[in-house]
Structure formats: structure tokens, C-alpha cells
Amino acid sequence: MKKLLPIGVFAFVALTLSSCTDDCETTRTYRTTVPVTISVEQIRSGISAKTPQDLVNPGKIYAKDNYLFINEVKKGIHIIDNSNPQQPKNIAFLQIPGVIDMAVKENTLYADNYIDLVTFDISNPLAIKETGRVKEVFQNGLVDGISWYYNPQNQTITDYEVKIITEKIKTNCGIENTTINPIYYLQDGFKSSAPSASSGGGTTTTGTGGSMARFTLYDNYLYTVSQSDLLVFDVKTSNKPTQQSKINLGWGIETIFPYKDKLFIGSNTGMYIFDNKNPEKPERLSIFQHARACDPVIVHNDIAYVTLRTGWCGTSPNQLDVVNVANLTSPTLIKSYQMQHPAGLGIDFPNLFVCESQYGLKSFDASSATNITLQQHIEKIDAYDVIPLEGKHLLMVGKDGLYQYDTSNPKNLKQLSVIPVKREN
Amino acid sequence: MKKSFIIILMGVMSFLPSLAQEEAKGFFKKYPFVNMTEFGLLFGRGKFESYNYLYRGYYPQPYEPVYQVKNRLNLSIQTFNGIYLNPKTSVGITVGVDSYGSTVLMPFSAGIRRSLVQKKHGGSMLLSSLDVGYATTWLNEENSGFQTKGGFSINPAIGYKLPMRNGSAWLINVGYRIQRAEYSQKRTDDFYWYESNEVRNYKRFVVRFGIEF
């Protein structure tokens with residue numbers, strides 16, 4: 001026993017010395033963007049009418065007569081029969097790769113299909129047919145902070161998919177750096193995003209867009225804004241749009257709102273006002289500049305309501321700016337109101353509805369521009385965009401679904417129905 | 001709360017020996033109190049992949065990671081307070097303070113000490129020890145953005161006890177220590193949110209010097 005002990009001691013020491021190397025493993029989970037290449041043929045052949053599907057990641061909304069069109073971002077359009085707002089019926093899904101925006105004139109639906117502008121005949125919403133296509137009009141696009149771009153040389157589109165990656169890696173046990181693992185991004189996309197405002201053309205033949213719209217119809221023209229350009233299409237023949245002009249606006253364009261014969265274009269640095277007397281060639285009248293922010297804009301009675309919020313587009317105080325645009329060449333600020341995190345907004349004068357993202361929906365009395373007062377605050381819902389419709393009817397879309405309200409009493413909005421979002425995770 | 005706990009603990013520890021001396025009757029007569037306080041060095045290594053600056057040519061080649069090894073030396077103090085169950089074996093609680101880089105861990109362990117061989121009475125003896133416990137992060141200051149969690153630790157050691165004339169003894173121990181700790185990082189307020197949890201198993205060769213009384 002006594003002889004064995006020193007050997008035991010030696011063995012023990014030898015064993016311990018052999019494995020004094022630290023052993024460290026990190027489990028990390030992160031969201032990243034992964035590039036995906038799609039060919040132009042895939043995009044053009046990807047259009048098909050399908051059976052109704054659940055809302056997963058709703059984008060913009062558009063209302064026309066008794067129908068609602070809800071964009072499923074980059075996947076397609078849900079078609080909802082809303083003849084009874086208390087019981088909206090999901091009747092069909094139109095699959096369109098890369099669709100972000102849409103507009104409706106008479107029986108024609110205009111939608112973007114990545115690079116192309118496509119027209120559909122929707123006279124029978126259960127059997128929608130593709131009727132026309134203007135090729136290669138959009139070069140890039142951006143939604144939810146992710147941009148895609150077109151490569152004309154090899155006829156492909158590069159888009160990015162958001163992926164959540166969980167991985168295990170061996171690490172250096174913090175030998176080199178004080179931060180255990182610096183955060184790396186696989187890809188740094190353009191960090192500016194897209195809510196924007198309009199409540200759409202007022203003519204009877206067209207529908208109404210939400211304040212996220214980048215497509216708007218005015219008279220016989222379809223206006224679309226991309227990140228940098230305003231494109232004008234002649235849609236006298238509904239299913240044969242022809243491109244009329246292209247106006248460069250600089251970078252960061254988010255929104256288009258037609259008001260009388262003017263176009264109000266929101267960018268993330270300011271609000272452009274265009275004279276639209278000659279709809280084929282809008283002319284720039286003025287720009288109302290503000291801090292760099294996401295800024296949907298709507299206009300009523302020569303007063304423009306602009307919401308600014310902190311986000312992809314920049315940092316600024318979260319606020320509502322009320323701007324006098326009676327003199328279009330020199331808009332002046334009337335007053336700024338403090339907000340929480342405003343996104344889309346809509347006006348059914350004298351009621352102003354502002355979406356406050358995760359803070360809910362607010363109803364204001366805007367009869368006096370210098371004294372806008374809060375009438376109701378619906379909390380605990382996510383509100384992103386609103387469309388006030390005729391007959392005291394409000395559509396509101398958020399992360400959780402599409403809500404419809406009866407606004408006959410603006411102090412006490414009555415919820416009519418909800419189309420819920422079914423998220424995978 | 002944790003600071004007050006530490007103060008109370010220190011108080012109890014400083015109080016216990018005096019208690020043992022004054023009232024060396026009853027319980028402490030049967031099971032004499034023992035304190036072993038040791039200062040230690042923790043020797044370890046880290047092996048990590050470093051950037052490979054070798055020119056690889058234009059065409060892609062199989063990637064061979066390049067590893068670099070660095071020695072790491074940490075400091076540790078610990079105090080074992082317990083009682084002799086019999087002249088050879090004592091049991092007690094070990095409280096330590098260890099530094100691992102920027103992390104300070106405070107392990108609480110159950111400890112046992114047993115003398116293995118003693119050639120003649122009153123001479124030096126071979127002493128083995130084992131401490132098993134859990135490390136807290138009560139004394140740790142966080143790097144911003146991180147949350148550190150302590151973990152399991154085990155520390156066997158073997159060494160010499162060199163008695164002094166006055167009844168105390170010098171201690172020299174060598175041993176091995178595994179200490180687990182977790183570092184988590186969370187950033188969920190932006191688009192590219194990130195969450196990570198790093199599990200570190202610190203493996204160290206331990207050399208301790210101390211005194212028993």
C-alpha cells in the first residue's frame with residue numbers, strides 16, 4: 001500500500017496536467033439575412049390563383065368596394081370578401097412572387113411582381129386572370145428593412161431571406177477579447193424601411209390604399225414610387241399600362257399621396273410637393289424638410305399630417321407634425337405633437353387615427369389643427385396602418401391581424417371583426 | 001442581500017475559531033475545529049482558432065484551422081472550516097474566491113480532508129482533499145451586455161501537511177479543478193437580434209500553499 005501511493009500520486013498529477021485546456025462552447029441564436037437568387041422566368045411563371053390561406057406576414061392593405069386586398073409580403077395577395085364587415089370572408093389567395101404594393105382601378109388590379117408591373121382582371125375574384133405586364137420597370141425594392149435588386153445582365157433577382165440561425169461553436173474562452181463574441185452580421189442590408197402614407201385616390205372607380213402604399217391611382221394614371229424614382233403609368237386602357245415618365249427624387253422615398261391636383265411624396269428627410277396639373281409630368285413645387293425619420297403623410301383641407309418615428313429610416317423624436325400647405329410653394333409647420341411610435345395614419349375629418357405600433361391605436365379630434373385632442377386610445381394591440389372608409393368604417397392592420405372598427409362614435413370605437421394572423425413561431 | 005450575506009459569513013468564520021478555543025469542551029472537544037486557509041495558483045491553457053494569414057492561392061482549398069495555445073494563470077484563495085471526525089479525517093465547508101480573467105467566482109463547496117500516510121507521530125503527512133460545490137457570481141462585476149452564471153466545481157488535491165511545534169501546520173497541495181461558468185448575451189431590440197450562451201469549463205492545475213490551525 002505504502003509503495004503504491006507515490007505512484008498513485010504521480011499518476012494523478014500526470015493526468016491532471018494532461019487536460020488543463022479550457023473547454024468552451026457557445027450556443028448562439030441570431031437573425032440574419034441570406035441571399036437568394038431568383039430567375040426572371042421563375043418570377044413570371046410564379047403567378048397563380050390559389051385557395052384561401054391564413055395571414056402570416058401581412059403588409060399593405062387596399063380596399064375596393066366590398067373587397068379587401070391584403071398583401072402577404074413578397075408572397076401574394078389575400079382577397080377578402082368584406083360585404084359584411086362583421087364577418088369578413090377570406091375567399092382567395094393570388095400568388096405573386098415579390099409583391100409589395102397594389103392598386104385597383106375598376107376591375108383591374110395592379111401589382112408589382114419584383115421587376116414587373118402586372119395587371120389582373122378581378123371581375124370574378126374567384127378566378128383572377130393575368131391580363132397584362134410591363135416588363136422591367138422596377139430595379140430594386142425594399143420591405144421590412146430588406147431590399148432586393150435586379151441584375152439585368154444575367155436576368156436574375158437577388159433577394160434576401162430572413163433566417164434564424166442557432167449554432168454551436170467552440171470559442172476561445174475569452175482569451176483575446178473582452179467581449180466574448182463580437183456580433184457579426186452576414187450581410188448588412190439597406191437599413192431604411194417603408195411605412196408610408198396615403199389614403200388613396202378619391203374617384204369612385206379606384207379603391208383606397210392604406211398609408212403604406214407606394215402605388216396610387218389618379219385620374220387615368222398610376223403613380224408608383226420606388227426608393228429613388230417616381231414612375232408614371234398611363235392606364236387609360238386598364239390592362240395595358242404604358243410608362244410615361246420617370247422622375248428621380250433622390251433616395252429614401254416612402255410614400256405617395258394624391259391630394260387635389262397635387263402629389264405629396266414622403267421621403268425620410270422631408271415631404272415633397274409635386275404639381276400634378278399635367279399628370280404625365282408632375283413638377284416639383286417645394287420640399288418641407290424635417291429630421292431623418294420614417295414619415296407617412298396624409299393631407300386634408302390644405303393641412304398635411306406627417307408622423308415621424310424612430311426606425312430604420314433614422315432617429316428623430318416620435319411626433320406628429322401638422323403642416324399648413326395652403327401655400328404649396330412654402331409649407332409651414334403649425335404645430336408638433338408628441339407621439340409614442342407612430343406609423344400609419346388616416347383621416348376621416350374631423351377624426352384623425354394614428355397607429356402607434358406596439359402602443360396601439362389612437363383616435364384624435366383634429367377639428368382644430370392647433371389643438372388636436374386625444375379621444376380614445378386602444379391599447380394592447382399592434383397597429384401599423386389604417387384606412388378610414390366611407391360610412392364610419394375603419395380598417396386597421398397590425399402584426400396580429402386585420403381589425404375593423406365602427407367609428408360612428410370616435411370616442412368609443414366598436415370592434416366589428418378581426419382576421420387573425422397565424423404566425424409559424 | 002448578497003453583500004450582507006458575505007459579511008455575516010465572514011463574521012461567523014472569524015467567530016468560529018475563537019468559539020473553538022474558548023469552549024473546547026462539549027462538541028468541539030469531541031470534534032475539534034479546524035481551519036485550513038490556502039492561497040492558490042490555477043494554471044491552465046486556452047486553445048483557440050486564430051486567423052490564418054497563409055496565402056491560399058486563387059482556387060479554394062480545404063480549410064485547415066490554425067490553433068494557438070496560450071497559458072492562463074489565475075489566482076485563488078480559499079478557506080476550509082470544519083471539524084475533525086477522527087484524527088485522520090475532517091469535514092467542513094470551503095469558501096473560495098477565484099478569478100478567471102475578468103470573472104470573479106465565489107465557490108461554496110463541501111470539503112473533506114483525510115491524511116493518508118504519516119511515517120511517525122508528529123511528523124509530516126500526506127494529505128488528500130476533495131471539494132465539491134457550486135460557484136456563485138456574487139463578487140463579480142459584469143461586462144455590459146453580459147450575464148454571468150456560476151456553476152459546478154470539483155477540486156481534488158493531494159499534498160503535504162508539515163506540522164509546526166505550536167500545533168499548527170503548513171500545507172502544500174497540488175490538485176486539479178474543473179469549474180463551470182456560463183456567460184449569456186442578449187440583444188433583442190433590433191432587427192438582427194442575437195442571443196448567445198457560452199458554457200466554459202475551466203480546467204486548471206492547482207498549486208496551493210496555506211496554513212492549518
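Biologist: Which residues does Ile165(A) touch, not counting residues up to four places away in sequence?
Modeller: Ile165(A) touches Tyr30(A) and Thr32(A). Keep in mind that this is a predicted model.

Biologist: Where is Ile165(A) found?
Modeller: Ile165(A) sits in strand β13 of chain A.

Biologist: Does Ile165(A) count as buried or exposed?
Modeller: Ile165(A) counts as exposed, because it has 11 C-beta neighbours inside 10 Å. The cut-off for exposed is 12 or fewer.

Biologist: How far apart are the C-alpha atoms of Ile165(A) and Thr29(A)?
Modeller: They are separated by 5.4 Å. Along the chain, these two residues are 136 residues apart.

Biologist: How many bridges join β1 to β13 in chain A?
Modeller: There are 15 bridges between β1 (residues 23-39) and β13 (residues 156-170), and the two strands run antiparallel. As one example, Glu25(A) has Lys170(A) as its bridge partner in β13(A).

Biologist: How many bridges does β12 of chain A form with β13(A)?
Modeller: Three bridges, again in the antiparallel sense, with β12 covering residues 146-151. Tyr150(A) is bridged to Ile157(A) in β13(A).

Biologist: How many residues lie between the strands in the hairpin of β12(A) and β13(A)?
Modeller: Four residues lie between them. In that hairpin, Gln155(A) has a positive phi near 55°.

Biologist: New topic. What is the strand order in the open sheet of four strands in chain A?
Modeller: The order is β27-β28-β29-β30, with antiparallel pairing. β27 and β30 (373-378) are at the edges with a single partner strand each, so each has one side without a neighbour in the sheet. From one strand to the next, the twist averages 20°.

Biologist: How many bridges join β27(A) to β28?
Modeller: Four bridges, and the strands run antiparallel; β28 spans residues 351-355. β27(A) and β28(A) make a hairpin, with two residues between them. Within the pairing, Ile347(A) has Leu352(A) as its bridge partner in β28(A).

Biologist: And which residue of β29(A) stands opposite Leu352(A)?
Modeller: That is Phe364(A). β28(A) pairs with β29 (residues 361-365) over five bridges, in the antiparallel sense.

Biologist: Which residues point one way from β27, and which the other way?
Modeller: Leu345(A) and Ile347(A) point one way, while Gly346(A) and Asp348(A) point the other way. In a regular strand, side chains alternate between the two faces of the sheet.

Biologist: Are those residues of β27 buried or exposed?
Modeller: Leu345(A), Gly346(A), Ile347(A) and Asp348(A) are all buried.

Biologist: Switching to Val325(A). Where is its place in chain A?
Modeller: Val325(A) is in the loop between β25 (319-324) and β26 (332-338).

Biologist: Why does Val325(A) count as buried?
Modeller: Val325(A) counts as buried because it has 23 C-beta neighbours inside 10 Å. The cut-off for buried is 20 or more.

Biologist: Which residues is Val325(A) in contact with, leaving aside neighbours within four places in sequence?
Modeller: Its contacts are Ile273(A), Val299(A), Asp302(A), Ile303(A), Ala304(A) and Pro331(A). For Ile303(A), the C-alpha atom is separated from that of Val325(A) by 5.6 Å, though the two residues are 22 residues apart along the chain.

Biologist: On to the core. Which residues touch the most other members of the largest nonpolar core?
Modeller: Ile61(A), Phe69(A), Met102(A), Phe264(A) and Met396(A), out of 91 residues in that core. Apart from that core lies another of seven residues, including Val40(A), Ile43(A), Phe138(A) and Trp148(A). Nonpolar side chains tend to be buried together in soluble globular proteins.

Biologist: What is Phe69(A) in contact with, leaving aside its neighbours within four places in sequence?
Modeller: Phe69(A) is in contact with Ile61(A), Tyr62(A), Ile77(A), Ile79(A), Met102(A) and Val104(A).

Biologist: How many helices and strands are there in chain A?
Modeller: Chain A has two helices and 34 strands. It has 425 residues, and 45% of them count as buried. Of its contacts with a separation of 6 or more, 48% are between residues 24 or more positions apart.

Biologist: And how many helices and strands in chain B?
Modeller: Two helices and nine strands. From the N terminus on, the order of elements is α-α-β-β-β-β-β-β-β-β-β.

Biologist: How many residues of chain B count as buried, in percent?
Modeller: Of its 213 residues, 28% count as buried. Among chain B contacts with a separation of 6 or more, residues 24 or more positions apart account for 57%.

Key:
Residues numbered from 1 in each chain as written. Chains lettered and ligands numbered in written order. Predicted model: local features only at pLDDT ≥ 70, side-chain atom pairs only at ≥ 80, totals over all residues. Pairing = 2+ DSSP bridges. Contact = placed C-beta atoms within 7 Å. Core = buried A, V, L, I, M, F, W, Y, C linked by C-beta atoms within 7 Å. Axes fitted to C-alpha atoms, helices over the stretch in contact; angles between N-to-C directions.
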